[in-house]
Amino acid sequence: MHSKIICGIQQLGVGNTNTGEAWAWYRKNLGFDVPVFDETAMAEQMLPYTGGKPHKRHAVLAINMQGGGGLEIWQYTERKPVFPIFEVQLGDLGTTIGKIKSRNVQATFDLFKERKLDLLGNVVKDPQENETFYVRDPYNNIFQIESFHDWFSTGKGLTGGVSGAVVGVTNIEKARKLYSDILGYDKVIYDKEGVFDDYKNLPGGNLKFRRVLLARTVPHQGAFSRLLGDSHIELITVYDREPQKIFKDRQWGDVGFIQICFDIARMDSLREECKQKGFAFTVDTGSSFDMGDAAGCFAYVEDPDGTLIEFVETHKVPVLKKFGIYLNLKKRNPEKPLPNWMVKTLGFNRVKE
């Protein structure tokens, strides 16, 4: 059996109270203006995380064609989405920050300031001495705008797609059994402890942390690896307080970062590897699953603290949706990236303001 292929971070799932309004915010401010799918349907596969009942939802998977992962903008439509029952602070267990790449951090900050967005402090230096800043969306989700080296294409926007995430954990070594050993983020960019200047304006950011930034030594492979690009995962542990689970007493799909999703190939190999290493799938659709304009199969695992990681094996995506033209990935060598011109045809579906 061939080994699994990790193509990159496909998307960061973001639960909200109004998908249309949320997507408009992400389009205008972060450039996620190309929909891969926009679907209203019944969520029937996630019963372990939705109270054992299927729920109707509206979801949009949107990407930024300059490169990086997308956002899956997700909303319950017949159940009121629930906000966290406490103020989420850095180090709480789950995905606390989404990382967004920028060509020019200061210029992006100035633009956001002009638009009167909810900026958390000014431009500061991260532990690598790179410029960065933090902004909060209308649903209290925090995004880190960071300088990044890897781009798929050149556009007018200052930002690209998702370049990673910050995940609160109780034990970094245990968490790395998933993030490093299975997902391949095995290269330590930094491993630092202390009180950090770039965290001081974030909720709970004035405490002592251990921060480990992980990247991959082996480049991503697969159909969309050039579009999704490089990414990293930052694992953090807070000292001097007991962290809480971000989704405590709530359901998957409620307001917040609901999952980190990886685009993969050879799901059968990944399923067996995860089982052998103690991270058996908790949700598994098995065969191809229709997601409206797209199709594929997906599965979920939990990290040692219960944070959800999704795997999607994409089988079909719309290229020219209005003409009924779709790309069938099941007929291609899963190790080879698609030609750039073919990936760029996704941009024909761009939603213009």
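**Close-up views of a predicted model**

**View 1. The largest nonpolar core.** Within the largest nonpolar core, which has 55 residues, the members that touch the most others are Tyr26, Tyr179, Phe262 and Phe311. The element giving the most to this core is helix α1 (residues 19-30), with five residues. A second, separate core has 35 residues, including Phe37, Leu228, Phe298 and Val317. The model shown in this and the following views is predicted. In soluble globular proteins, nonpolar side chains tend to be buried together.

**View 2. Surroundings of Phe311.** Neighbours within four places in sequence are left aside here.

View 3. The structure contains two cavities of 30 Å³ or more. The second largest cavity holds about 40 Å³ of space. Its lining consists of Leu120, Gly121, Asn122, Val124, Tyr134, Asp197, Asp198, Lys200 and Asn201. By type, these lining residues are three nonpolar, three polar and three charged.

**View 4. Gln251 in its loop.** Gln251 sits in the loop that runs between β13 (232-238) and β14 (256-265). The relative accessible area of Gln251 is 16%, so this residue counts as buried, the cut-off being under 20%. Apart from neighbours within four places in sequence, Gln251 is in contact with Tyr49, Thr50, Gly51, His55, Tyr76 and Arg79. Gly51 is 200 residues from Gln251 in sequence, yet their C-alpha atoms are 7.0 Å apart in space. With Tyr76, Gln251 forms a side chain to side chain polar contact at 3.3 Å.

Terms used. Residues numbered from 1 in each chain as written. Predicted model: local features only at pLDDT ≥ 70, side-chain atom pairs only at ≥ 80, totals over all residues. Heavy atoms only, no water. Core = buried A, V, L, I, M, F, W, Y, C linked by side-chain atoms within 4.5 Å. Buried < 20%, exposed > 50% of the residue type's maximum accessible area, 1.4 Å probe, protein only. Helix = DSSP H or I, 4+ residues; strand = E, 2+ residues; numbered from the N terminus. Contact = heavy atoms within 4.5 Å. 1 Å grid on protein atoms, 1.4 Å probe; cavity = no way out; pocket = protein on both sides within 12 Å on 5 of 7 lines; lining within 4 Å. Points joined across faces, edges and corners; volume = space filled by probe spheres on them. Nonpolar A, V, L, I, M, F, W, Y, C, P; charged D, E, K, R; others polar. Polar contact = N/O pair within 3.5 Å; in protein donor to acceptor, adjacent residues only side chain to side chain.
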